[in-house]
Amino acid sequence: MALGSSCQDIPESETSDYESSIASNELENFQLTKSIVGPSVKAAVSPTSGVHELLECPVCTNSMYPPIHQCPNGHTLCSNCKLRVHNHCPTCRHELGNIRCLALEKVAESLELPCRHQNLGCPDIFPYYSKLKHEHQCRFRPYNCPYAGSECLVTGDIPMLVTHLKNDHKVDMHDGCTFNHRYVKSNPQEVENATWMLTVFNCFGQHFCLHFEAFLLGMAPVYMAFLRFMGEDDEAKNYCYSLEVGGYGRKLIWQGVPRSIRDSHRKVRDSYDGLVIHRNMALFFSGGNRQELKLRVTGRIWKEQ
Ligand SMILES: [Zn+2]
Ligand SMILES: [Zn+2]
Ligand SMILES: [Zn+2]
Ligand SMILES: [Zn+2]
């Protein structure tokens, strides 16, 4: 099996912090508004939608958060837009000054709204000012495509991303929790452009991404293999994996915990949280005359009790 195509090493966008999965539990305790819970969600929300429109910045259409500004004629705008409009109201051109719209800020405080990822399954309802914070950490927020090496902007839930990896990135899919992979590359001298490969494993009813890639660690060319879990970090910690590579009587073994795909590929790689094989060692394992990389990586995924 050949290594995947060489690609420019484009960093994935940083979308999440390691701490992000904790907060949604804390926030679950917020009191739910009785009128919004229940089958007629849309109908119950609509009386507040007029207020919600008032809280939309007329300039950028984003939701406004304190400080909310207004001109002497009462036109509102968000603090980001206020910085951009050179002290003149975008609606009436009057000089803006520095007037807060405290009434609207207070009204916003009284609102409770469903999480914007409601359609992805989030059942939570939040006070207006906590909603944004929750949405950044919501466990129902879409995941970024875990495929590395391309600037793929696709986001979605796990089933959708599995289909996307298979159909659009032509990623190899395997069932089972043990694997035995051969990575062959004819010109192992070139690692300047990251060479990488992704395989997806389906076991325990979950999906795992096995990444294999070449890059420069400082001045030293290395190969690295690591596993990412397609799901949240707190679930990822229920699993372990091991990787082994060797030949000619030598063997390297790595045991680790898969990282959530909330952590970008780059972040995992740069923390060396995986099996790192220096090129000289890799060529030694490959045997022959150092003209070809032939690595056999075996691995196993298991569930921690
Ligand atoms: Zn604005
Ligand atoms: Zn105005
Ligand atoms: Zn949510
Ligand atoms: Zn993609």
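I number residues from 1 along each chain as its sequence is written, and I letter chains from A and number ligands from 1 in the order in which they are written. Because the model is predicted, I take local features only at pLDDT of at least 70 and side-chain atom pairs only at pLDDT 80 or more, while totals for chains, interfaces and linings use all residues. Helices (H or I, at least four residues) and strands (E, at least two) are DSSP runs, numbered from the N terminus.

Entry 1: I count a residue as buried if 20 or more other C-beta atoms lie within 10 Å of its own, exposed if 12 or fewer, and partly exposed in between, with C-beta atoms placed from the backbone. This core has 41 residues, and Phe208, Cys209, Ala225 and Leu275 touch the most other members. Among the elements that each supply at least two residues are helix 6 (158-168), strand 11 (206-217), strand 12 (220-229) and helix 9 (279-286). Strand 12 gives the most, with six residues.

I then listed the contacts of Cys209 (C-beta atoms, placed from the backbone, within 7 Å). Leaving out residues up to four places away in sequence, Cys209 touches Pro146, Leu198, Val200, Leu227, Arg228, Met230 and Ile261. A second, separate core has 14 residues, including Met64, Leu77, Cys115 and Phe126.

**Entry 2: strand 12.** I checked its burial and its partners. Seven of the ten residues of strand 12 are buried. Two strands pair if DSSP finds at least two bridges between them. Strand 12 pairs with strand 11 in the antiparallel sense over ten bridges, and Phe212 has Ala225 as its bridge partner. The two strands form a hairpin with two residues between them. Gly218, in the turn, has a positive phi of about 65 degrees.

Strand 12 also pairs with strand 16, antiparallel, over four bridges. There Met224 stands opposite Val276. With strand 15 (residues 259-260) the pairing is parallel, over two bridges. Phe229 stands opposite Ser260 in that strand.

Entry 3: I traced four strands in the order 9-17-13-14, with antiparallel pairing. Strand 9 (178-185) and strand 14 (250-256) are the edges, each pairing on one side only. Neighbouring strands are turned by 20 degrees against each other on average, direction ignored. For angles, axes are lines fitted to C-alpha atoms, for helices over the stretch in contact, and values run from 0 to 180 degrees between N-to-C directions.

Strand 9 and strand 17 share eight bridges, and Thr178 stands opposite Arg300. Seven bridges join strand 13 to strand 17. Tyr239 stands opposite Lys303, and Cys240 has Trp302 as its bridge partner. Helix 9 lies across strand 13, strand 14 and strand 17, running at about 100 degrees to strand 17.

**Entry 4: helix 5.** Which residues of helix 5 (residues 128-137) are buried? I found Tyr128, Lys131 and His134. Seen down the helix axis, the buried residues fall within an arc of 95 degrees, so they line one face of helix 5. That arc is taken from the directions from the helix axis to the C-beta atoms. On the other side, Lys133 and His136 are exposed.

Note on methods:
A nonpolar core is a set of buried Ala, Val, Leu, Ile, Met, Phe, Trp, Tyr and Cys residues joined through C-beta atoms within 7 Å. Two residues are in contact if their C-beta atoms, placed from the backbone, lie within 7 Å.
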